[in-house]
Amino acid sequence: MTRTALAISPHLDDAVFSAGGTLARLAAQGWQVVMATVFTASVANPAGFALACQLDKGLAPEVDYMALRRGEDRDAARALGIGDPVHLPFREAPHRGYASAPELFAELRPDDRIGANLADAFERLVADTGPNLILAPQAVGGHVDHVQVVRAFRGAQPPLPVLWWRDFPYTVRTAEPKEPLRAIFAAFPEQVVRLDAAAGRRKAEACAAYASQIGFQFGGPDGLQARLAAEDGVERFRLQGRLPPDLRDAGFA
């Protein structure tokens, strides 16, 4: 029987940057891997900070930024060796009233009530995909979209094992990255996944597919490759529950 892994990604790149090698390993071991991204909705005529977020990537105002990013996500999924990704129709934080970069990493806005809608969507997603394993973020870095995803998912969380990933590259931007939800994960044991050469190559190719983000996040392709090399072929998680038997000792140290 085919087993299914569901990765719940806040943005179009988070799952690949943080857990792409693990997703590639699971696919190579015969798992069906579903990569679902939450905040992917296109918004017509963006303005203010939302518009600035695409202008600073060198994209003109008339470009459908999120459509471009959804295309990058499909390319990344192919590079990992998994099926077409799922794109949920929720708007990113700059379209929900967050008006500056500092606000993206501050407290949630009182009027940002998206959590209930996310919880409903997660319940449907789990029902539709029937996963045996879920991968999701820890919200390292404190981005409000990541925090909303964790809170909503935990409210709807089924009794399944979860690999909570460390949100890369927020993990390496400062010596002590912000971890607003640290207390939630502290009791769960660390789970290390060591990538074989094939999974490492697939992850690097998948990360590079997000061309609109590479300059902003890493300073360019060379910076991306150097940063991935510094990770030394390891992805780190917190494990809630027990791994399925066929994953024990299969690159999961």
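Analyst: Happy to! Helix H3 (residues 65-80) and helix H10 (residues 211-218) have axes that come within 9 Å and cross at roughly 95°. Axes here are lines fitted to C-alpha atoms, for helices over the stretch in contact, with angles from 0 to 180 degrees between N-to-C directions. H3 and H10 are therefore roughly perpendicular to each other (65 to 115 degrees). On the H3 side, Tyr65, Leu68, Arg69 and Glu72 make the contact, and on the H10 side Ala211, Ser212 and Gln213 (heavy atoms within 4.5 Å). By type, the residues of this contact are 3 nonpolar, 2 polar and 2 charged.

This is a predicted model, where local features need pLDDT of at least 70, side-chain atom pairs count only at pLDDT 80 or more, and totals for chains, interfaces and linings use all residues. Residues are numbered from 1 along each chain as its sequence is written, and side-chain values use heavy atoms, leaving out hydrogens and water.

Now the loops. Most residues other than glycine have a negative phi, and most peptide bonds are trans. Ala139, between strand S4 (133-137) and helix H6 (144-156), has a positive phi near 65°. Ala139 counts as buried, at 0% relative accessibility (under 20% is buried, over 50% exposed, partly exposed in between, with a 1.4 Å probe and protein chains only). Asp232 has a positive phi too, near 60°, in the loop between helix H11 (221-230) and strand S7 (234-240); Asp232 is exposed, with a relative accessible area of 63%. Finally, Phe168 and Pro169 are joined by a cis peptide bond with omega about 10°, and Pro169 sits in the loop between strand S5 (162-165) and helix H7 (170-173).

Terms used: Helix = DSSP H or I, 4+ residues; strand = E, 2+ residues; numbered from the N terminus. Parallel < 35°, antiparallel > 145°, perpendicular 65-115°, else oblique. Nonpolar A, V, L, I, M, F, W, Y, C, P; charged D, E, K, R; others polar.
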